[in-house]
Amino acid sequence: MNTALYYFSGTGNSLSVARSINNQLEGSELLPIVGCLKQKPIKVNAQRVGIIFPLHFMTVPRIVREFLKEAQFVNAEYIFAVVTGLNPKIGNALSQIEKYLNKAGVKFNAGYFIPMVAAHFPYVKLSKIKEPQKLYQEAQDKVLKISESILQLKNEFDKEAAVFGDLKLLVSKKQEHKESFLSVGEGCIRCGYCMQVCPFQNIRLNGKQVEWLDNCHQCLACLHFCSRSVIEYKKLSIGKPRKHHPSVSLNDIALQRQIP
Ligand SMILES: Cc1cc2nc3c(=O)[nH]c(=O)nc-3n(C[C@H](O)[C@H](O)[C@H](O)COP(=O)(O)O)c2cc1C
Ligand code: SF4
Ligand code: SF4
């Protein structure tokens, strides 16, 4: 059975999970959602299909929803999703995925949640930001279990994460807005890393200024990969650590722009 793993990742957590699953499944292929959306129609030809992404504002990130609206599932026999985030008890990501897949006329077979490091989300209090090493190890252990289930084509959903139904979210449209809430503080050396890493080419260096354009997906890659840690998200990120997954580089995030 051939497998396609579609992923989106801002700070590398979801990409690291996608890579680990990819390593466990023979003949499987990793495909960046950002790049895939550049060439329409999107024909998904694989029999086993995975969708791997971060929880954003308690739901599916906008770019993943765009992908699901466009994707045509030609041969799919088994479809699963893996969500990375902080807190599985909030959020309707899996029920949203189910909604989109049902519209596309295919079945949603399995959904999983992998808890990840809290530092990526500016709304998290400093006191709640935990030591990452243990979480990364636990995440890796869970990935191995999930891969085993996927190999066996299990129909199952993480109980704690599966908030099915029409959950009304408290997500304000403003938070999901395409405008960014990012700014540069003192100490920018104009290295251009932020511009290079952005999967959406939403940053430009204009003389001495770093400028955000109007298509921010709030993945926070720029904030966490800034070489001087001088990018802030409102005032919420001030004094908090910058983190990206240790196995994922700036280039890995940037490569999502490429059409596969
Ligand atoms: C804009 C934004 C919104 C987020 N919203 C949530 C959330 O509602 N619930 C949650 O548990 N984690 C949330 N997170 C944390 C991410 O889901 C988590 O850090 C994820 O593993 C990041 O994956 P990535 O490195 O692949 O981008 C959010 C992160 C960002 C950047
Ligand atoms: S990555 Fe940081 S230091 Fe480099 S140009 Fe961007 S804001 Fe400035
Ligand atoms: S500007 Fe920053 S937060 Fe917005 S999409 Fe680009 S890298 Fe992500």
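Which helix gives the most residues to the shell around ligand 1? Hi everyone, let's work through that together, keeping in mind that this is a predicted model.

The helix we want is helix 1, which gives the most to that shell, with three residues. Helix 1 covers 13–24, and both helix 1 and strand 6 supply at least two residues of the shell. The shell has 24 residues, and those that come nearest to ligand 1 are Asn-13, Ser-14, Pro-54, Gly-85 and His-120. By type, the shell divides into eleven nonpolar and 13 polar residues, with no charged ones. And where does ligand 1 lie? Domain 1 (3–157) and domain 2 (182–257) both give residues to the shell, so ligand 1 lies between them.

Now let's look at Thr-84, which lies in strand 6, residues 78–85. Thr-84 counts as buried because 26 other C-beta atoms lie within 10 Å, and the cut-off for buried is 20 or more. Leaving aside residues up to four places away in sequence, Thr-84 touches Asn-13, Ser-14, Val-17, Pro-54, Ile-114 and Met-116. Thr-84 and Ala-139 are 55 residues apart in sequence, yet 9.2 Å apart in space, C-alpha to C-alpha.

My last stop is helix 3, residues 62–70, where the buried residues are Ile-63, Val-64, Phe-67 and Leu-68. These cover an arc of only 140 degrees around the axis, so they sit on the same side of helix 3. Here's the general idea: an α-helix has 3.6 residues a turn, so residues three or four places apart point the same way. The partners that the buried residues of helix 3 pack against include strand 1 (3–7), strand 4 (48–54) and helix 4 (93–103).

Definitions and conventions: Residues are numbered from 1 along each chain as its sequence is written. Chains are lettered from A and ligands numbered from 1 in the order in which they are written. This is a predicted model: local features need pLDDT of at least 70, side-chain atom pairs count only at pLDDT 80 or more; totals for chains, interfaces and linings use all residues. Helices (H or I, at least four residues) and strands (E, at least two) are DSSP runs, numbered from the N terminus. A residue is buried if 20 or more other C-beta atoms lie within 10 Å of its own, exposed if 12 or fewer, and partly exposed in between; C-beta atoms are placed from the backbone. Two residues are in contact if their C-beta atoms, placed from the backbone, lie within 7 Å. A residue is near a molecule or strand if its C-beta atom, placed from the backbone, lies within 6 Å of it. Ala, Val, Leu, Ile, Met, Phe, Trp, Tyr, Cys and Pro count as nonpolar, Asp, Glu, Lys and Arg as charged, and the others, Gly among them, as polar. Domain bounds come from an automatic or database domain assignment. The arc is that of the directions from the helix axis to the C-beta atoms.
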